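Thanks for coming. I will talk about contacts between side chains today, so please have the structure open.

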Amino acid sequence: MSSTEISAVDQSEVAMLLGALQGNTSEDTIKVPFLKVQYEPEDKQGRDVKRGTFLLSDSETPVYATTAKIRVLAQHFQYRESDPQTYKIVNKTVLMDDMRKREPRDMKGGMRCGRPDAKTLRQLSDEDQQMWRKRVQAFRILRGIVTMEGVNADGEKVKIENQPFQMFLKGINFIPFEDSVVKALPYGKGMTDVWVDLSTTKKGKAFIIDFSVDHKEPAVMDTDTVDTLRVFYDMAKQENERIETGYKNAHMESEAFGAASSAIDGYAADLEADLN
């Protein structure tokens with residue numbers, strides 16, 4: 001991987017962007033490719049591809065790589081609710097930098113997309129617990145830049161270098177990043193200060209993502225990285241503004257409905273008194 005020489009960067013802006021990326025949040029929706037694990041044995045054209053490899057979505061020429069190197073510039077947590085029939089996302093909470101410190105408001109005016117808190121969830125039947133965990137899932141969202149070298153569906157070697165990505169981790173892949181990266185960071189360094197190597201291990205029908213901090217590769221905060229950081233800041237701000245607006249609108253509608261119901265009940269009571 002080529003390292004970039006340190007550029008003249010406004011460190012105060014870097015600090016502001018990093019701080020604001022803690023789930024704080026308009027314009028056109030900002031879209032960034034997804035870095036994901038390939039589960040299907042064929043691509044969309046029916047060509048054979050290797051399962052368990054990393055794939056960057058929306059690429060003109062998809063590249064399938066057995067390993068990848070990422071630099072995480074933003075991390076968020078979010079609850080997302082999917083329709084059990086269509087599997088489409090129907091509700092989601094604000095992006096949070098810490099699930100214990102921010103109220104998990106969702107776009108429909110609730111909390112955690114209706115999923116009970118951990119203590120309440122444990123008191124439910126096994127069937128209800130399974131239903132909630134399947135319907136509303138917690139995600140760790142990583143956004144950063146990725147470099148990887150692999151092959152396309154025709155077997156030709158292709159390299160992707162320092163491309164923006166976002167990765168959604170859930171279930172068995174939710175915790176490993178915390179254990180292997182966050183808790184393994186050198187003293188005084190944050191996630192943005194290191195590169196992380198990725199690979200996969202097959203476990204049953206699933207692939208577990210393995211994370212390993214690269215303590216040798218320099219992670220330079222150059223102007224290109226700051227530009228990408230700015231994009232992620234705008235993404236988080238934009239998404240949270242939309243969700244907070246949905247939350248407030250849902251509460252306003254609920255309050256208006258409640259006021260109307262009270263007025264109707266009061267009118268009915270007055271009418272009944274007049275008739276009697």
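**Charged pairs and ring pairs**

E178 has a relative accessibility of 25%, and it therefore counts as partly exposed. Before I go on, note that this is a predicted model.

What does E178 pair with? Its salt-bridge partner is R140, and the closest N and O atoms of the two are 3.2 Å apart. R140 is in strand β6, residues 136-151, while E178 is in helix α4, so the bridge ties together parts that lie 38 residues apart in sequence. Is R140 buried or exposed? At 1% relative accessibility, R140 is buried. R140 has another contact as well: its charged end sits over the ring of F174, 5.0 Å from the ring centre.

How many salt bridges does the structure hold? The number is 15. One of them joins D227 and R230, with 2.9 Å from N to O. Both residues are in helix α5, residues 223-275, and they are three residues apart, about one turn of the helix. D227 is partly exposed at 40% relative accessible area, and R230 is partly exposed at 28%.

Another bridge is between R105 and E103, again listed with its N to O distance, 2.9 Å. R105 is partly exposed, at 25%, and E103 is partly exposed too, at 42%. These two belong to a network of salt bridges that links R102, E103, R105 and E244.

Now the rings. A pair of aromatic rings is described by how far apart the centres are and by the angle of the planes. The count here is five aromatic pairs. Take Y39 and F207: the centres are 5.3 Å apart and the planes are at 75 degrees, so this pair is edge-to-face. Y39 lies in the loop between β1 (35-37) and β2 (54-56), and F207 lies in strand β9 (residues 206-214), so the pair ties together parts 168 residues apart in sequence. Y39 is partly exposed at 36% relative accessibility, whereas F207 is buried at 5%.

F177 and F211 make an edge-to-face pair as well, with 5.3 Å centre to centre and 85 degrees between the planes. F177 is in helix α4, residues 176-180, and F211 is in strand β9, so this pair links distant parts of the chain, 34 residues apart. F177 and F211 are both buried.

Last, look at F34, F139 and F168, which ring pairs link into a cluster. F139 also has a charge over its ring: the charged end of R80 sits there, 5.8 Å from the ring centre.

Conventions. Residues numbered from 1 in each chain as written. Predicted model: local features only at pLDDT ≥ 70, side-chain atom pairs only at ≥ 80, totals over all residues. Heavy atoms only, no water. Phe/Tyr/Trp six-rings, centres within 6.5 Å; stacked < 30°, edge-to-face > 60°. Helix = DSSP H or I, 4+ residues; strand = E, 2+ residues; numbered from the N terminus. Buried < 20%, exposed > 50% of the residue type's maximum accessible area, 1.4 Å probe, protein only. Lys NZ or Arg CZ within 6 Å of the ring centre and 35° of its normal. Salt bridge = Lys/Arg side-chain N within 4 Å of Asp/Glu carboxyl O.
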